[in-house]
Amino acid sequence: MSVLSDPKGYWADLTRAEQGVLAFVLGFALLLLLGLLTGGIGPSYFLFLVGLAGMYALLSFGLNAQWGYSGLINFSVAAFFGIGAYGTALASASSSPLAGGIPPIVGLFVALALAGILALCIGIPTLRLRADYLAIASIGLAEVVRIIILNEGWLTNGSAGVRGIPGFFEGWPVLETFPETMPGVIVSFLPGPDIVLGTPFWRALLNVALVLTLVGICYLVLRRVHRSPWGRVLRTIRSDEDAARALGKNTYSYKMQAFVLGSLIMALAGVFYAHLNLYVGPGDLNPITTFYVWVAVILGGSGSNRGALFGGFVIVAIQQGTRFLNEFAWIPVDVAPLRLLLIGVLIVLLMRFRPQGVLPPQRELIWSSVVDDAPSQPDRGVRGSKAGESDD
């Protein structure tokens, strides 16, 4: 059922949770639009927020492929994110102590290769063990990667970080000079101050197009594999690994594939962040990043790609939205430092009233075309079919 052909029917077909999520998204979009029209949010900053939300959505997709699909507890999200960011930065940045000057598209593959190798190195000795051993090993991995980046200055520039990272489209025909060649546009018919769409806006627009493309590709691929036989084996492993092993499935191999797939998606988010921020440092690998991504996946619903996407956007809304609350003089406390408390309260309420998450994955596992085309009742019974009866 399409939202354009039958909006009322589409709304009625949604669950109560889906209606609430859709209302929240529409309300938040209207709030952002109001901020744009009144000059409270600059257009370039607005696009930066969209890019940041897309980056968290990619991280949530990666963790969902590991935890939501196959039950792998990975507390090293920040490590794979940092490997992706540093992999492309060290390959392409002008201040890189290793290489530098390599096209960003090559840096992308370098980062993915490093993340894949690291995932194999941590997965080979731990995935045959119980899930809690992987959790312990992944915590140690995150700290090892962060400390190496912080202290090995000859390799990573240490605490100074890596600067001079080019935009992702540098070296691409047309797209490299697209922001500079686009004319400045002044939007003055809106009820607020004039909005100037200059070079920063067009550059941010390219970044948003890039991250939305990455998010769309990852979403479609993960949704397809979630419904595939491969995804069904992973769900069986998560529910009962002994049963999957008894059915002849090599559970170690399947878990390794899911772990590597999720790690590559996390590294992809790091690559985008490096070319969005144009700087990476050891502070980007703080454990708080892992905490935010876990909150996003649990909030949306473990195993749900739609939930991971929604959770990523909610985390960015809380992170960035609390920055503006201090501008309201009638609020008696400094709200911005309380964002961790707000996220903690959100998790407590969620575990109390909706432990399965806002958008659990049951609806994603049903092919909508099969449901729509299924007859309301069979044409004839099995006994009649065996007896050769017909409707004629």
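Leu 278 is found in the loop between α12 and α13 (287–300). The model is predicted. The protein chain has 17 helices and 2 strands.

- Leu 278 has a phi near 60°. That value is positive, and Leu 278 is a residue other than glycine.
- Relative accessibility of Leu 278 is 37%, so this residue counts as partly exposed. The range for that label runs between the buried limit of 20% and the exposed limit of 50%.

**The whole chain**

- The protein chain holds 392 residues. Of these, 45% count as buried.
- The accessible surface of the chain comes to about 20100 Å². Carbon and sulfur atoms account for 67% of that surface.
- Take the contacts between residues at least 6 apart in sequence. Of these contacts, 75% join residues at least 24 apart.

**Helix α12 with helix α3**

- Helix α3 covers residues 43–70. It packs with α12 at an angle of about 170°. The two axes are 8 Å apart.
- Angles over 145 degrees count as roughly antiparallel, so α3 and α12 are roughly antiparallel to each other.
- On the α3 side, the contact includes Phe 48, Gly 51, Met 55, Leu 58 and Leu 59. On the α12 side, it includes Ala 258, Phe 259, Gly 262 and Ser 263.
- By class, this contact of α3 with α12 has 15 nonpolar and 6 polar residues. It has no charged residues.

**Helix α12 with helix α9**

- Helix α9 covers residues 199–227. It packs with α12 at an angle of about 175°, and the axes are 11 Å apart.
- This pair is therefore also described as roughly antiparallel.
- From α9, the residues in contact are Asn 207, Leu 210, Val 211, Leu 214, Cys 218 and Leu 222. They meet Leu 261, Ile 265, Leu 268, Phe 272, His 275 and Leu 276 in α12.
- The contact of α9 with α12 has 10 nonpolar and 2 polar residues, and no charged ones.

**Helix α12 with helix α4**

- Helix α4 covers residues 77–92, and α12 covers residues 251–277. The two pack at an angle of about 50°. Their axes are 7 Å apart.
- That angle makes α4 oblique to α12.
- The crossing of α4 and α12 is right-handed.
- From α4, the contact uses Val 77, Phe 80, Phe 81, Gly 84, Ala 85, Thr 88 and Ser 92. From α12, the residues include Phe 259, Ser 263, Met 266, Ala 267 and Ala 269.
- By class, the contact of α4 with α12 has 11 nonpolar residues, 6 polar residues and no charged residues.

**Two buried residues in helices**

- Thr 251 is found in helix α12. Its relative accessibility is 5%, so Thr 251 counts as buried. The cut-off for buried is under 20%.
- Leaving out residues up to four places away in sequence, Thr 251 touches Ile 237, Glu 241, Ala 244 and Arg 245.
- Ser 138 lies in helix α6, which spans residues 131–151. Ser 138 has 1% relative accessibility and therefore counts as buried.
- Beyond its neighbours within four places in sequence, Ser 138 is in contact with Ile 73, Asn 74, Phe 75 and Ser 76.
- Ser 138 and Gly 123 are 15 residues apart in sequence. In space, the two are 9.4 Å apart, C-alpha to C-alpha.

**The loop between α7 and α8**

- Ser 159 lies in the loop between α7 (153–156) and α8 (178–181). At 60% relative accessibility, Ser 159 counts as exposed, because the cut-off for exposed is over 50%.
- Not counting residues up to four places away in sequence, Ser 159 touches Leu 150, Tyr 279 and Pro 282.
- Ser 159 and Ile 149 are 10 residues apart along the chain. Their C-alpha atoms are separated by 7.9 Å.
- Asn 157 lies in the loop between α7 and α8. It has a positive phi of about 70° although it is not a glycine.
- Asn 157 has a relative accessible area of 25%, so it is partly exposed.

Technical notes
Residues are numbered from 1 along each chain as its sequence is written. This is a predicted model: local features need pLDDT of at least 70, side-chain atom pairs count only at pLDDT 80 or more; totals for chains, interfaces and linings use all residues. Side-chain values use heavy atoms; hydrogens and water are left out. Axes are lines fitted to C-alpha atoms, for helices over the stretch in contact, and angles run from 0 to 180 degrees between N-to-C directions. Helices (H or I, at least four residues) and strands (E, at least two) are DSSP runs, numbered from the N terminus. Angles under 35 degrees count as roughly parallel, over 145 as roughly antiparallel, 65 to 115 as roughly perpendicular and the rest as oblique. A crossing is left-handed if the near helix is turned anticlockwise from the far one by less than a right angle, and right-handed if clockwise. Contact means heavy atoms within 4.5 Å. Ala, Val, Leu, Ile, Met, Phe, Trp, Tyr, Cys and Pro count as nonpolar, Asp, Glu, Lys and Arg as charged, and the others, Gly among them, as polar. Buried means under 20% relative accessible area, exposed over 50%, partly exposed in between (1.4 Å probe, protein chains only). Accessible areas come from the Shrake-Rupley method with a 1.4 Å probe; for residues, only the protein chains shown count as cover.
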